[in-house]
Amino acid sequence: MASIRELHHQLINKERSAVEVAQEAIARIQTLEPKLHSFLQVTAEVALQQAQQVDARIAAGEELGLLAGIPVGIKDNICTKGVLTTCASRILENFVPPYDATVSQKLIDAGAVMVGKTNLDEFAMGGSTETSAFQLTANPWDLERVPGGSSGGSAAAVAAEECVVSLGSDTGGSIRQPASFCGIVGMKPTYGLVSRYGLVAFASSLDQIGPFARSVEDAAVLLNAIAGYDPMDSTSLKVEIPDYTQFLVPDLNGKKVGVITETFGEGLDSEVEKAVRQAIQQLKDLGAEIQEISCPRFRYGIAAYYIIAPSEASANLARYDGVKYGKRIEDAENLMEMYTRTRAEGFGAEVKRRIMIGTYALSAGYYDAYYLKAQKVRTLIKQDFEAAFGKVDVLVCPTAPTPAFKAGDKSADPLSMYLIDLMTIPVNLAGLPGMSVPCGFSSEGLPIGLQIIGNVLREDQVFQAAYAYEQATDWHTRSPHV
Amino acid sequence: MAIDREQVHKVAHLARLELTAAEEEQFTSQLSSILDYFEQLSELDVQDVQPTTRAIDVSNVTRADQLKPYPNREEILDSAPDRDGEFFKVPKIINTSE
């Protein structure tokens with residue numbers, strides 16, 4: 001499938017209609033879904049309607065934005081008016097939102113064509129999309145492996161060219177890690193750059209929506225459409241949104257790139273290390289000055305995160321009580337039984353586990369030892385980043401310590417699943433922008449990702465480094481044979 | 001700091017989750033190893049460190065307290081598992097058999 005810009009030219013030159021582009025995407029989805037299961041729901045009717053509207057605008061001679069007529073997938077924890085939004089959870093299996101998330105509305109306004117809602121770990125809690133209550137998504141590069149998570153459906157769909165771009169959400173790495181596992185570009189913007197209104201809340205101080213794409217340019221075009229201040233999100237940042245495509249220049253002369261020393265330790269797969277080291281050499285060849293940067297408190301990120309995120313989740317998920325929307329068990333004798341059994345049947349094991357951790361960490365007598373301490377460690381991790389960005393423009397490290405693992409490999413041991421977030425979590429704790437770009441393949445043909453991290457609101461630096469690297473390499477041009 | 005089965009039972013009640021005996025047992029061991037993992041945070045001296053409550057600081061966000069009727073009231077009420085006119089209906093709160 002072509003890039004956004006190529007498709008845009010085909011549409012405005014009337015080489016193809018938006019309806020034809022949408023039909024082609026739907027046909028590909030129908031062919032691949034029996035193997036991949038990226039989508040929880042394919043919205044063919046909505047897609048064709050939206051495509052017809054784009055064609056009408058083309059016929060009327062209207063000027064079209066770049067996203068008009070482009071097939072997109074939306075993670076199923078982002079509200080879409082009139083279209084099921086399940087969070088891959090039984091408790092929301094019948095939930096049809098009466099409103100659009102701000103990002104959904106922005107995509108509609110941009111003329112994008114929604115082809116479906118993508119699979120995820122239940123409530124975005126997981127790193128493999130295996131905790132989805134409904135289906136397992138396969139990695140397009142090896143169907144026995146996971147696509148990563150939690151936005152595994154959005155990543156697999158873009159990697160397999162079921163859609164051009166997609167939206168995911170990233171609380172501890174849920175965009176960047178699946179992008180790495182699926183060999184595509186995935187970006188978590190600065191916290192507050194993209195509105196969270198209508199994103200089903202997991203951990204509100206960490207959640208951020210961002211783009212998946214097969215190129216850095218496509219990611220920039222999608223971010224252009226979704227970024228911006230929103231009064232409906234109290235943590236939304238009131239900042240000017242630049243056109244991110246202006247930062248796509250293939251030159252890194254004078255750029256200072258820091259390599260995070262602590263990410264090259266124990267547990268890092270040797271092939272991942274080799275690929276990332278080669279990528280760093282490539283950045284140097286492009287003119288960047290490379291220096292080692294130590295972030296000594298980085299490694300405490302996982303422990304701090306797995307206190308903070310479940311604590312916030314336990315509060316956020318208290319709303320699923322079987323009263324106002326969602327699932328309710330039928331035969332409860334009284335209100336308390338209705339609550340406890342609705343939640344017991346509605347939530348899967350990982351969600352329950354996190355609610356339990358969070359409830360415990362916030363409970364009387366434990367608050368200081370866990371939640372408060374974790375928030376203080378969060379400050380220390382932020383300080384490590386602040387010191388680093390006093391010296392360099394961007395930081396780089398592997399996105400994940402290994403390539404995609406096999407389905408079932410880590411699902412029996414929750415802690416082993418948590419540890420794969422080692423390199424992405426600190427970025428969320430500090431609210432920074434981070435991107436994963438393809439930087440190689442393992443000997444088994446599995447994609448490897450390079451993480452590029454910028455300072456607060458320095459998406460420009462991240463895009464420039466990512467684009468320069470991408471243009472100098474051809475990893476992003478390879479496609480899986482599904 | 002390990003967690004025992006009784007605490008797991010108590011926490012489940014606080015979280016309004018009914019756990020099966022098997023789940024209680026599994027969570028007791030899984031939560032214990034996760035809590036053990038958290039112990040590494042005590043290696044850091046955080047006594048004089050301010051907690052971070054939000055990733056990026058924004059000053060207090062306020063708006064005028066004005067009534068704005070929601071346009072799709074019916075749709076909201078219809079989303080409820082059980083409704084009675086303009087009310088959400090729930091099972092009885094007090095069990096008469098008790």
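Predicted model: local features only at pLDDT ≥ 70, side-chain atom pairs only at ≥ 80, totals over all residues.
Figure 1. Count the aromatic pairs over all chains and the total is 20. One of them joins A:Phe95 and A:Tyr325. Their ring centres are 5.2 Å apart. The two planes meet at 35°, so this pair is tilted. The partners come from distant parts of the chain, 230 residues apart. A:Phe95 sits in the loop between β2 (71–75) and α4 (102–109) of chain A. A:Tyr325 sits in the loop between α9 (301–316) and α10 (335–346) of chain A. A:Tyr325 comes to 24%, so it counts as partly exposed. The cut-off for buried is under 20%.

**Figure 2. The ring pair of A:Tyr320 and A:Phe347****.** Here the ring centres lie 6.3 Å apart. The planes stand at 90°, so the pair is edge-to-face. Is A:Tyr320 buried or exposed? At 4% relative accessibility, A:Tyr320 is buried. A:Phe347 is buried as well, with a relative accessibility of 4%.

**Figure 3. A cluster of linked rings****.** Which residues do ring pairs join into a cluster? The members are A:Phe95, A:Phe123, A:Tyr320, A:Tyr325 and A:Phe347. Look for the tilted pair of A:Phe95 and A:Tyr325. Then find the edge-to-face pair of A:Tyr320 and A:Phe347.

**Figure 4. Charged side chains over rings****.** A:Arg277 lies over the face of A:Phe264. Its distance from the ring centre is 4.0 Å. A lysine does likewise elsewhere: the charged end of A:Lys410 sits over the ring of A:Phe405. That distance to the ring centre is 5.2 Å.

**Figure 5. A:Leu446, a buried loop residue****.** Where is A:Leu446? It lies in the loop between β10 (434–441) and β11 (447–454) of chain A. Its relative accessible area is 1%, so A:Leu446 is buried. What does A:Leu446 touch, leaving out residues up to four places away in sequence? Its contacts are A:Asp142, A:Arg145, A:Pro403, A:Ala404, A:Gly440 and A:Phe441. A:Gln246 is 200 residues from A:Leu446 along the chain. The C-alpha atoms of these two residues are separated by 32 Å.

How values were computed:
Residues numbered from 1 in each chain as written. Chains lettered and ligands numbered in written order. Heavy atoms only, no water. Helix = DSSP H or I, 4+ residues; strand = E, 2+ residues; numbered from the N terminus. Buried < 20%, exposed > 50% of the residue type's maximum accessible area, 1.4 Å probe, protein only. Contact = heavy atoms within 4.5 Å. Phe/Tyr/Trp six-rings, centres within 6.5 Å; stacked < 30°, edge-to-face > 60°. Lys NZ or Arg CZ within 6 Å of the ring centre and 35° of its normal.
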